[in-house]
Amino acid sequence: MKKLTPRPPKRAYITDQQALDFHSKPTPGKLSLQPTKPMATQRDLSLAYSPGVAIPVEAIAADPETVYDYTSKGNMVAVISNGTAILGLGNLGAMASKPVMEGKSVLFKRFADIDSFDIEVEEEDATAFIECVKRFGNTFGGINLEDIGSPECFIIEQELRDLLDIPVFHDDQHGTAIIATAGLINAAHLTGRKFSDMKVVLSGAGAAGLSVLGLIKSLGVKDENAIVLDSRGVVYRGRQEYMDQWKAPHAVDTKLRTLEEAMVGADVFLGLSVAGIVTQDMIKSMAKNPIVFAMANPDPEISPELIKEARSDAIIATGRSDYPNQVNNVLGFPYIFRGALDVRARNVNEEMKLACARALADLARQDVPEEVAAAYHGNRPKYGPDYIIPAPFDPRLISEIPPYVAQAAMDTGVARKPIEDMEAYKKSLARRQDPTAAILQGITASVIDNPKTIVFAEGEEPAVIRAAQAYQQRGLGKAILIGREKPIYDNMKLLGIEKPESLTVLNARLFDRNAEFTEFLYSRLQRKGFLRRDAQRLVNNDRNVFSALLLHHGLADGMVSGVTRSYDVVLRDVRLVLDHRANERTMGVSVVVNKSRTLFIADTNITELPTAEDLADIAETTAHFAEQFGFEPRVAFLSYSTFGNPVGERMQKVREAVRILDDREVEFEYEGDIAADVALDPMHSLTYPFTRLTDSANVLVMPAIHSASISTKLLDSVGGATVLGPFLTGLEKPVQICSLGATASEIAQMATLAAFAPSHRDDE
């Protein structure tokens with residue numbers, strides 16, 4: 001039978017010019033430096049440099065360990081290369097490696113909030129390279145070696161590990177090993193294999209290949225069961241040609257000499273060599289349920305299409321993003337360094353690498369969040385042959401992986417600063433990437449301590465079902481889905497929910513208190529043009545009305561809706577049943593969060609042109625809302641003017657609102673009329689010593705809905721801040737309205753907020 005010639009897979013189409021434009025416009029390169037301290041006044045400069053800088057200098061001289069307290073060393077990694085092995089392009093020189101090293105630095109910041117500098121060393125001699133890096137290495141908290149040719153990379157890493165008292169990590173070597181090992185742990189689990197029984201073939205005896213082999217041997221793969229091949233064939237015991245001190249330990253007694261011979265009966269193929277060297281016949285000769293990791297880049301040793309043609313039972317991984325199970329180093333190095341830096345580890349040892357691999361394997365087995373499903377165009381991946389490695393955009397990576405690495409460092413004695421509270425550490429990691437995490441963590445913790453029953457009005461929608469499941473799984477309380485049983489259970493099946501009975505389903509038409517609900521609703525609406533049959537129809541057919549009735553009658557604590565209907569429609573439906581709370585008004589509040597401050601902006605979606613009385617009510621309700629989140633409210637009534645300058649008619653309404661609050665004798669700070677830039681300036685009292693605000697405002701009351709809406713949407717779109725909401729407040733029962741087409745994560749977030757709000761639940 002004629003052998004098929006392997007067909008190289010198609011590559012994603014990116015033109016040369018697109019790549020050059022990306023790296024050159026609007027500013028050359030991918031990195032910039034941003035100060036972490038203010039540099040606006042003479043005092044700032046005096047503290048940052050002379051004379052103030054002398055104080056930490058003396059402190060560090062007296063105790064070198066305090067360098068971690070007074071400088072950025074503890075969160076700074078150097079990405080270092082000499083350009084002798086750039087990607088798959090070979091030795092193109094140190095300067096040619098700079099775009100890659102800049103990219104690596106960007107990934108450190110993007111995925112683990114680690115600051116990084118790229119350093120390109122024009123030196124190919126290993127000894128001279130080591131001497132160079134040794135002299136500046138301790139400036140950094142860690143060193144990531146990249147794109148250095150073999151075997152020099154082995155020598156360089158080992159020597160620098162011995163010379164420097166910080167983590168030194170060769171990512172081409174260990175990063176690939178960690179991710180591949182994570183995938184193999186799950187592939188072995190799915191195929192019922194033990195590492196001690198696996199027969200492994202490794203094609204590619206370079207830095208990455210030998211590191212993968214070393215790591216899986218530490219998990220139990222036996223020396224005699226691992227066959228290594230390089231460009232000269234099998235690495236067997238007694239071979240003299242093209243051998244070195246790193247290949248030699250993996251040489252075995254065998255009569256096998258070719259890749260074709262080695263593949264017969266193999267359980268696992270690990271490819272870190274060149275494209276097209278594996279044929280379909282080789283794949284066919286492997287054991288049952290073969291595990292094929294063809295990781296050569298940019299094109300694998302054999303394409304997944306050809307593997308699937310040959311073996312339908314194969315589990316496949318590649319180094320490419322356009323196939324399932326990508327062995328992507330970005331899953332490893334940011335989180336290895338995050339955990340290592342946070343405990344001030346002296347090095348990255350084998351236990352820390354294995355901890356990272358096991359943590360990644362475990363994460364892949366968990367139900368994926370909405371962000372991952374969205375990246376797969378709505379096709380939610382599930383642990384199985386096509387999902388054994390987490391997706392790089394899984395937001396849980398930052399809080400799930402570093403703790404395992406840090407714990408391993410602590411357990412093996414290489415940590416200089418052990419973490420005392422691991423749960424608090426996990427929360428702090430989440431806050432590094434998401435400025436809203438601190439607020440949401442506090443809300444979630446409060447709800448877990450006081451679980452609530454939440455009604456999900458649009459219960460037939462897949463995203464709503466997923467949100468309800470997440471709400472219950474997180475221990476936040478009970479979820480009730482409103483809708484017809486069959487569509488709900490059919491969608492649960494499609495979503496892979498294994499225990500559909502765990503979620504409560506209510507069909508409004510069949511509910512046993514319908515008559516009672518109808519009488520109550522008719523009593524509210526009979527003088528507003530509604531007949532009894534109209535009330536009955538609303539109870540039976542309008543899920544928002546029915547959900548609100550459940551709340552009113554004390555059968556639930558809160559509700560969430562809005563995925564399939566506009567905000568105004570949902571609010572109109574709900575207000576047929578629910579009134580606003582005494583001394584408060586129904587309105588929307590948007591919460592704007594960045595790393596330096598949190599702002600509450602109202603009213604962003606209900607009162608179009610508020611009167612002075614309305615503005616005063618809005619201020620009180622929003623201040624109360626901010627207090628629920630643990631903030632001491634400082635209210636600013638915003639205007640285009642500041643204390644009468646410039647003069648205008650519209651500012652009079654704002655001034656009147658302030659006077660109304662004066663009469664009410666409220667207990668929070670407030671001020672106005674005041675421009676936004678002045679209100680947000682903590683030093684504005686220097687110019688306006690009579691201001692009532694003791695610090696910058698954190699509650700902003702806009703003069704009209706259009707200014708509130710425009711402001712929040714600008715902040716959300718331009719970047720630098722995250723906008724939550726708008727959150728509905730002021731109703732007698734907690735109701736939250738999502739945006740049309742909201743994701744499961746967004747719906748679950750709104751449900752949590754509904755559970756967090758005071759429920760005023762009747763004691764029935």
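## Burial and the overall chain

A residue is called buried here if its relative accessible area is under 20%, exposed if that area is over 50%, and partly exposed in between, with a 1.4 Å probe and protein chains only. The model is predicted, and local features therefore need pLDDT of at least 70, while side-chain atom pairs count only at pLDDT 80 or more and totals for chains, interfaces and linings use all residues. Residues are numbered from 1 along each chain as its sequence is written, and side-chain values use heavy atoms, with hydrogens and water left out.

Of the 764 residues in the protein chain, 53% are buried. The chain has 29 helices and 21 strands, where helices (H or I, at least four residues) and strands (E, at least two) are DSSP runs numbered from the N terminus. Along the principal axes, the C-alpha atoms fill a box of roughly 95 × 75 × 50 Å.

## Helices

Helix α9, which spans residues 207-217, is mostly covered, with 10 of its 11 residues buried. The buried residues are A207, A208, G209, L210, S211, V212, L213, L215, I216 and K217.

Helix α13 (residues 333-342) and helix α16 (residues 397-411) have axes that come within 8 Å and cross at roughly 55°; such axes are lines fitted to C-alpha atoms, for helices over the stretch in contact, and the angles run from 0 to 180 degrees between N-to-C directions. The helices α13 and α16 are therefore oblique to each other, a term for the angles left over when those under 35 degrees count as roughly parallel, those over 145 as roughly antiparallel and those from 65 to 115 as roughly perpendicular. The crossing in which α13 passes α16 is right-handed, meaning that the near helix is turned clockwise from the far one by less than a right angle.

## A nonpolar surface patch

L87, L89 and L92 form a nonpolar patch on the surface, and together they have about 340 Å² of accessible area. Patches are made of residues with over 30% relative accessible area and no salt bridge, like charges being joined within 9 Å and nonpolar side chains (Val, Leu, Ile, Met, Phe, Trp, Tyr) within 5 Å. A salt bridge is a side-chain nitrogen of Lys or Arg within 4 Å of a carboxyl oxygen of Asp or Glu. L87 sits in the loop between β1 (76-81) and α5 (98-112), and with a relative accessible area of 62% L87 is exposed.

## Backbone details

D147 is found in the loop between β3 (142-145) and α7 (152-163) and, at 3% relative accessibility, counts as buried. E665, by contrast, counts as exposed at 67% relative accessibility, and E665 lies in the loop between α26 (651-664) and β18.

A cis peptide bond joins N297 and P298, with omega about 5°, and P298 is placed in the loop between β9 (291-294) and α12 (304-310). Another cis peptide bond joins G672 and D673, with omega about 0°; D673 belongs to strand β18 (residues 669-674).

## A contact across the sequence

G276 and D299 are 23 residues apart in sequence, and their C-alpha atoms are 8.0 Å apart in space. G276 lies in the loop between β8 (268-271) and α11 (280-284), where G276 counts as partly exposed at 36% relative accessibility.

Methods
Accessible areas come from the Shrake-Rupley method with a 1.4 Å probe; for residues, only the protein chains shown count as cover.
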